[in-house]
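Subject: Structure handover and notes

Dear colleague,

Please find the structure we spoke about just below, followed by my notes on it.

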Amino acid sequence: MDKIDEARELLKMLGMPKAQQADICCYVLLAIAGIKKDTAWKDAGNEWIRIHDIIQFANTCYGSTYAENSRETFRKQALHHFRNAALVEDNGKATNGFI
């Protein structure tokens, strides 16, 4: 099982709806935890991260091809739902900063 599948399984176990188990949501979870392909889950982090950083992480570490203008997609499809489920915390800063 690769990290994307592991992230999806974790989101499922946390009770996230099917739509929030999509790849984009898995990339968000992996990025906010700092989990690269060779990182063990026990080494997950909890650092503040911007949506820009999430996109860069997904593209660099997992070979995705998200453009910088997809920030709103990340916000609407993943981060908004993660915040409502108390998986992430809004830092109260401008909308280009999250978590």
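**What was found**

Glu 89 is exposed, at a relative accessible area of 64%, where exposed stands for over 50% relative accessible area, buried for under 20% and partly exposed for the range in between, with a 1.4 Å probe and protein chains only. This residue belongs to the loop between α4 and β2, and its C-alpha lies 9.2 Å from that of Leu 79, the two being 10 residues apart in sequence.

Before the rest, some notes on provenance. The model is predicted, and local features therefore need pLDDT of at least 70 and side-chain atom pairs count only at pLDDT 80 or more, while totals for chains, interfaces and linings use all residues. Residues are numbered from 1 along each chain as its sequence is written, and side-chain values use heavy atoms, with hydrogens and water left out.

As to confidence, the protein chain averages a pLDDT (the predictor's confidence in each residue, from 0 to 100) of 91, and 92% of the residues score at least 70. The mean is highest in α1, at 97, and lowest in strand β2 (residues 97–98), at 50. Where pLDDT is low, the predicted coordinates should not be read in detail.

The protein chain has 4 helices and 2 strands, these being DSSP runs numbered from the N terminus (H or I and at least four residues for helices, E and at least two for strands). Read from the N terminus on, the elements follow the order α-α-β-α-α-β. The radius of gyration of the protein chain is 12 Å, close to the 13 Å that the globule rule gives for 99 residues, so the chain is as compact as a globular protein of that length; the radius is taken over C-alpha atoms, and the rule is 2.2 Å times the number of residues to the power 0.38. Buried residues account for 38% of the 99 residues.

The largest nonpolar core holds 28 residues, of which Val 28, Ile 54 and Tyr 62 touch the most other members; such a core is a set of buried Ala, Val, Leu, Ile, Met, Phe, Trp, Tyr and Cys residues joined through side-chain atoms within 4.5 Å. At least two residues of this core come from each of α1 (3–13), α2 (23–33), α3 (51–62) and α4 (71–84), and α2 gives the largest share, 10 residues. Leaving aside residues up to four places away in sequence, Val 28 touches Ile 54, Phe 74, Ala 78, Leu 79 and Phe 82, contact meaning heavy atoms within 4.5 Å.

In α3, the buried residues are Ile 51, Ile 54, Ile 55, Phe 57, Ala 58, Cys 61 and Tyr 62. They cover an arc of only 160 degrees around the axis, which puts them on the same side of α3, the arc being that of the directions from the helix axis to the C-beta atoms. Just after α3, Gly 63 takes a positive phi of about 70 degrees.

Two loop residues remain. Ala 86, in the loop between α4 and β2, has a positive phi of about 65 degrees although it is not a glycine, and Ala 86 is exposed at 66% relative accessible area. Lys 18 sits in the loop between α1 and α2 and counts as exposed at 68% relative accessibility.

With best regards
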